[in-house]
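Trainee: Could you walk me through this model, one question at a time? I would like to see how each answer is reached.

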Amino acid sequence: MTRTLRSFASLPPRAVADFFRLFAASGSVAFAADRTGLSRSMLYRRKRSDPAFAKRWAEAQELGVSKVRDEVFRRAVVGIKKPVFYGGAKIGKVRHYDNRLLWSLLRSHEPETYGNKRPQPVGGAPVDLARRLDEADERVARYEAGLRAAAKQKNS
């Protein structure tokens with residue numbers, strides 16, 4: 001047995017399972033490795049040499065990125081409540097929308113419209129803004145329906 005195979009065998013299966021669970025929940029290799037006590041370098045080496053491990057990694061990473069994307073969307077569109085203080089006392093809360101995140105989302109999903117350089121449409125055809133706004137409204141409605149369903153499930 002080579003040194004690498006022996007070192008991979010020393011990764012406790014439960015810790016590896018916990019690593020993938022935390023990685024999928026957070027999108028962060030560093031966080032998941034730290035919480036499970038596994039070496040990041042060992043995990044990356046195993047990913048490079050073990051196709052099954054690499055497949056689990058890719059699946060966990062996809063879930064983690066999806067959760068991070070959902071959280072970014074929530075903060076940008078739904079907002080978060082921040083406390084309001086007056087005279088050193090908390091007097092309430094205000095909903096805060098993160099416009100920087102919103103612009104980042106727009107730039108990443110529609111760089112031709114919201115990116116730093118706006119290329120001209122091919123053939124001079126105008127951008128169908130109404131269609132895009134309708135699609136955005138539908139996405140927001142689906143997302144909000146999901147939030148309501150999750151809240152309803154949590155409360156039941």
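Trainee: Among contacts in the protein chain between residues at least 6 apart in sequence, what percentage join residues at least 24 apart?
Mentor: Happy to start there, and keep in mind that this is a predicted model. The contacts considered are those between residues at least 6 apart in sequence. Of these, the share joining residues at least 24 apart is 40%.

Trainee: What share of the residues in the protein chain is buried?
Mentor: A residue counts as buried when its relative accessible area is under 20%. The protein chain holds 156 residues, and the buried part comes to 21%.

Trainee: Is Thr 36 buried or exposed?
Mentor: Thr 36 belongs to helix α3, which covers residues 29-36. Leaving aside residues up to four places away in sequence, Thr 36 touches Ala 15, Asp 18, Phe 19 and Leu 22. Its relative accessible area is 18%. The cut-off for buried is under 20%, so Thr 36 is buried.

Trainee: Which residue has its backbone oxygen at 2.8 Å from the side chain of Thr 36?
Mentor: Two backbone oxygens are worth checking here. The one of Ala 33 lies 3.2 Å from a polar atom of the Thr 36 side chain. The one reached at 2.8 Å belongs to Ala 32.

Trainee: How do α2 and α5 lie to each other, roughly parallel or roughly perpendicular?
Mentor: Helix α2 spans residues 13-26, and its axis is 5 Å from that of α5. The angle between the two is about 30°. Angles under 35 degrees count as roughly parallel, so α2 and α5 are roughly parallel.

Trainee: How many nonpolar residues are there in the contact of α2 with α5?
Mentor: From α2, the contact takes in Val 16, Ala 17, Phe 19, Phe 20, Phe 23, Ala 24, Ala 25 and Ser 26. The α5 side includes Phe 53, Arg 56, Trp 57 and Ala 60. Three residues of this contact are polar and two are charged, while the nonpolar ones number twelve.

Trainee: What is the separation of the C-alpha atoms of Arg 56 and Ala 17?
Mentor: Arg 56 sits in helix α5, residues 51-78, and is partly exposed at 39% relative accessibility. Not counting residues up to four places away in sequence, Arg 56 touches Val 16, Ala 17 and Phe 20. Arg 56 and Ala 17 are 39 residues apart along the chain, yet their C-alpha atoms are separated by 9.8 Å.

Trainee: And how are α4 and α5 placed, roughly parallel or roughly perpendicular?
Mentor: Helix α4, residues 40-49, packs against α5 with the axes 6 Å apart. The angle is about 115°, and their crossing is left-handed. The range from 65 to 115 counts as roughly perpendicular, so α4 and α5 are roughly perpendicular.

Trainee: What are α5 and α6 to each other, oblique or roughly parallel?
Mentor: Helix α6 covers residues 99-109, and the axes of α5 and α6 are 8 Å apart. The packing angle is about 120°. Roughly perpendicular ends at 115 and roughly antiparallel needs over 145, so α5 is, relative to α6, oblique.

Trainee: How many charged residues does the contact of α5 with α6 have?
Mentor: On the α5 side are Val 72, Phe 73, Arg 75, Ala 76 and Val 77, which meet Leu 101, Leu 102 and Leu 105 of α6. Seven of the contact residues are nonpolar and none is polar, and the number of charged ones is one.

Trainee: Is Ile 91 buried or exposed?
Mentor: Ile 91 is part of strand β2, residues 89-96. Beyond residues up to four places away in sequence, Ile 91 touches Val 84, Phe 85 and Tyr 86. Its relative accessibility is 57%. Exposed means over 50%, so Ile 91 counts as exposed.

Notes: Residues numbered from 1 in each chain as written. Predicted model: local features only at pLDDT ≥ 70, side-chain atom pairs only at ≥ 80, totals over all residues. Heavy atoms only, no water. Helix = DSSP H or I, 4+ residues; strand = E, 2+ residues; numbered from the N terminus. Buried < 20%, exposed > 50% of the residue type's maximum accessible area, 1.4 Å probe, protein only. Polar contact = N/O pair within 3.5 Å; in protein donor to acceptor, adjacent residues only side chain to side chain. Contact = heavy atoms within 4.5 Å. Axes fitted to C-alpha atoms, helices over the stretch in contact; angles between N-to-C directions. Nonpolar A, V, L, I, M, F, W, Y, C, P; charged D, E, K, R; others polar. Left-handed = near helix turned anticlockwise from the far one by under 90°.
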